[in-house]
Amino acid sequence: MQILISPAKKMRVDPETMAWRELPLLLPRTEQVLAALRRLRYPEARQLWACSDAIAEPHYAALAHMDLRRNLTPALLAYQGIQYQYLAPQVLEAGAWAYLQEHLWILSGFYGLLRPLDGVVPYRLEMQAPLAVGEARDLYQFWGPSLAGIVTAEDPEVLNLASREYARSVEPWLGAACREVTCVFGELRDGRVTQKATQAKMARGEMVRFLAERQAASMEEAKGFNRLDYCFCEELSTENQWIFLKKCGKK
């Protein structure tokens, strides 16, 4: 089983807590992305990032001296979003880290794919950002089928815990031999499953932690997830979409 998750916008530099193991697998292509970012004028970069000057200015200044091979942080420690807070990698035991290094992929508009211990630098670039790189009109076209090919070469079973924007970088190229299951974390309201972004991010992080602590060997074990008041709802789930409802066993 291979697990897919999204990155986070907020990142940190922490080369001390744990040593990074390898450079990202697709680093030569990341260098092409970096070159495309460096060609942007500041107003273009700010528009691409869709953020305030307070955020855009330091990120734009960092592009000029960004070094992709020095002062690196393990990817799983570098991201600081809600999902990563609930995954809590800083307190995972060695066995859980080893499990995630083998089974977890972080999708990234900048790096393409990352293993937890791949060394990274802070960047700002979402997968859906309309950045043209070479002849590719955007990052989905730039990364193309390469991400799916790498993930499914490891294992044809893919548990998708990524957002729709990031899952789009893999799903169109999953072959017939691959089995993908997307997990949805929501609440049942008026007969419909509704998913709140913050709650979903929390649950995705907890799910990754749950699988790592159990050393889950197959996707079926994910159905046992029972944290944050969620539980698997077989009645509403399908073969390729598993629904986890909050407080489903409570009145």
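**View 1. Gln215, a residue with positive phi in the loop between H10 and strand S9 (230-233)****.** In this predicted model, Gln215 counts as partly exposed, at 41% relative accessibility. Its backbone is worth a look: phi is positive, about 55 degrees, although Gln215 is not a glycine. To find the residue, follow the chain into the loop between H10 and S9.

**View 2. Ala88, a residue with positive phi in the loop between H5 and H6****.** Here, too, the residue is not a glycine, yet phi is positive, at about 50 degrees. Ala88 has a relative accessible area of 17% and is therefore buried, since the cut-off for that class is under 20%. The loop that holds Ala88 runs between H5 and H6.

**View 3. Helix H6 (residues 94-103) packed against helix H10 (residues 197-214)****.** The two helices meet at an angle of about 110 degrees, and their axes are 8 Å apart. H6 is therefore roughly perpendicular to H10, and their crossing is right-handed. From H6, the contact is made by Ala96, Tyr99 and Leu100; H10 brings Val208, Leu211 and Ala212. By residue class, this contact holds 6 nonpolar residues, no polar ones and no charged ones.

View 4. Ala96, Trp97, Tyr99, Leu100, Gln101 and His103 are the buried residues of H6.

**View 5. Glu206, a buried residue of helix H10****.** Glu206 lies in H10 and has a relative accessible area of 15%, so it counts as buried. Apart from neighbours within four places in sequence, Glu206 is in contact with Tyr86, Phe225, Arg227 and Leu228. For another landmark, turn to Gln83: its C-alpha atom is separated by 7.7 Å from that of Glu206, although the two residues are 123 residues apart along the chain.

**View 6. The largest nonpolar core and one of its members, Phe110****.** This core has 85 residues, of which Val33, Phe110, Leu125, Leu131 and Met207 touch the most other members. H10 gives the most to the core, with 6 residues. In soluble globular proteins, nonpolar side chains tend to be buried together. Zooming in on Phe110, and not counting residues up to four places away in sequence, one sees that it touches Thr30, Val33, Leu34, Leu37, Met66, Leu68, Tyr123, Leu125 and Trp143.

**View 7. Helix H2 (residues 42-49) packed against helix H3 (residues 53-63)****.** The angle between these helices is about 120 degrees, with their axes 10 Å apart. That makes H2 oblique to H3, and the crossing is right-handed. Tyr42, Ala45, Arg46 and Trp49 of H2 make the contact with Asp53, Ala56, Glu57, His59, Tyr60 and Leu63 of H3. These contact residues divide into 6 nonpolar, 1 polar and 3 charged.

**View 8. Ser169, a buried residue in the loop between helix H9 (164-167) and strand S7 (179-189)****.** With a relative accessibility of 1%, Ser169 counts as buried. Its contacts, leaving aside neighbours within four places in sequence, are with Leu107, Met127, Tyr140, Gly144 and Leu147. As for Asp118, 51 residues away along the chain, its C-alpha atom is separated from that of Ser169 by 20 Å.

Terms used. Residues are numbered from 1 along each chain as its sequence is written. This is a predicted model: local features need pLDDT of at least 70, side-chain atom pairs count only at pLDDT 80 or more; totals for chains, interfaces and linings use all residues. Side-chain values use heavy atoms; hydrogens and water are left out. Axes are lines fitted to C-alpha atoms, for helices over the stretch in contact, and angles run from 0 to 180 degrees between N-to-C directions. Helices (H or I, at least four residues) and strands (E, at least two) are DSSP runs, numbered from the N terminus. Angles under 35 degrees count as roughly parallel, over 145 as roughly antiparallel, 65 to 115 as roughly perpendicular and the rest as oblique. A crossing is left-handed if the near helix is turned anticlockwise from the far one by less than a right angle, and right-handed if clockwise. Contact means heavy atoms within 4.5 Å. Ala, Val, Leu, Ile, Met, Phe, Trp, Tyr, Cys and Pro count as nonpolar, Asp, Glu, Lys and Arg as charged, and the others, Gly among them, as polar. A nonpolar core is a set of buried Ala, Val, Leu, Ile, Met, Phe, Trp, Tyr and Cys residues joined through side-chain atoms within 4.5 Å. Buried means under 20% relative accessible area, exposed over 50%, partly exposed in between (1.4 Å probe, protein chains only).
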